[in-house]
Amino acid sequence: MSKVLLVAFRGDLLCFVHVLLNALNLKERGVDARILFEGASVTLVAPLADPQGDFHTLYAKAKAAGLIEGACRACSAKLGALEAVQAEGLPLLDEMNGHPALGRYLAEGRTILTF
């Protein structure tokens, strides 16, 4: 089975919808796909978690499918998203000076796609 990590850096909700759609599509195709909130994308956790939000259902589906790898701890703290990330129960990744280390995912055999 192939492995993919979709890393979202942008804080653009419509761009992130494509991350969610692609992760779900890859899973349906038998790919071990994971989503990583990095950079400004950590600010999207709160609007995605809002049950009244436009894309909550899509986000909830991806989360329930186990596709969310986690969020960058440093970016979450710096951009005011730490509380929302913690409230969602998303792992805070920080093994590289407060940020996720992409090298770990390459070592796992994952292809890294950035958005």
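## Basis of the values

Because the model is predicted, local features need pLDDT of at least 70 and side-chain atom pairs count only at pLDDT 80 or more, while totals for chains, interfaces and linings use all residues. Residues are numbered from 1 along each chain as its sequence is written, and side-chain values use heavy atoms, with hydrogens and water left out.

Buried here stands for under 20% relative accessible area, exposed for over 50%, and partly exposed for values in between, with a 1.4 Å probe and protein chains only. Helices (H or I, at least four residues) and strands (E, at least two) are DSSP runs, numbered from the N terminus.

Tyr-59 is in contact (heavy atoms within 4.5 Å) with Leu-20, Phe-37, Leu-48, Ala-49, Ile-68, Glu-88 and Leu-90, when residues up to four places away in sequence are not counted.

## The aromatic pair

The structure holds 1 aromatic pair, for which ring centres of Phe, Tyr or Trp (its six-membered ring) must lie within 6.5 Å; planes under 30 degrees apart count as stacked, over 60 as edge-to-face and the rest as tilted. The pair is formed by Phe-16 and Phe-37 and is stacked, with 4.8 Å centre to centre and 20° between the planes. Since Phe-16 belongs to helix α1 and Phe-37 to strand β2, the pair ties together parts that are 21 residues apart in sequence. Both Phe-16 and Phe-37 are buried.

## Helix α1

Helix α1 has 16 residues and spans 23 Å from its first C-alpha to its last, close to the 22 Å expected at 1.5 Å a residue, where the expected span is 1.5 Å times one less than the number of residues. Its buried residues include Cys-15, Val-17, Val-19 and Leu-24, and what covers the buried residues of α1 includes β1, β2, α2 and α3.

Just after the helix, Gly-30 takes a positive phi of about 90°.

## Cysteines

A search of the whole structure finds 0 disulfides, a disulfide being a pair of cysteine sulfur atoms within 2.5 Å. For Cys-15, the nearest cysteine sulfur is that of Cys-75, 16 Å away, and Cys-15 is buried with a relative accessible area of 17%. For Cys-72, the nearest cysteine sulfur is also that of Cys-75, 3.6 Å away, and Cys-72 is buried with a relative accessible area of 0%.

Asp-32 lies in strand β2 and is buried, with a relative accessible area of 19%. Leaving aside neighbours within four places in sequence, Asp-32 is in contact with Met-1, Ser-2, Lys-3, Val-4 and Arg-110.

Asn-97, in the loop between β4 (92-93) and α6 (102-107), is exposed, with a relative accessible area of 77%. Phi of Asn-97 is near 55°, a positive value in a residue other than glycine.
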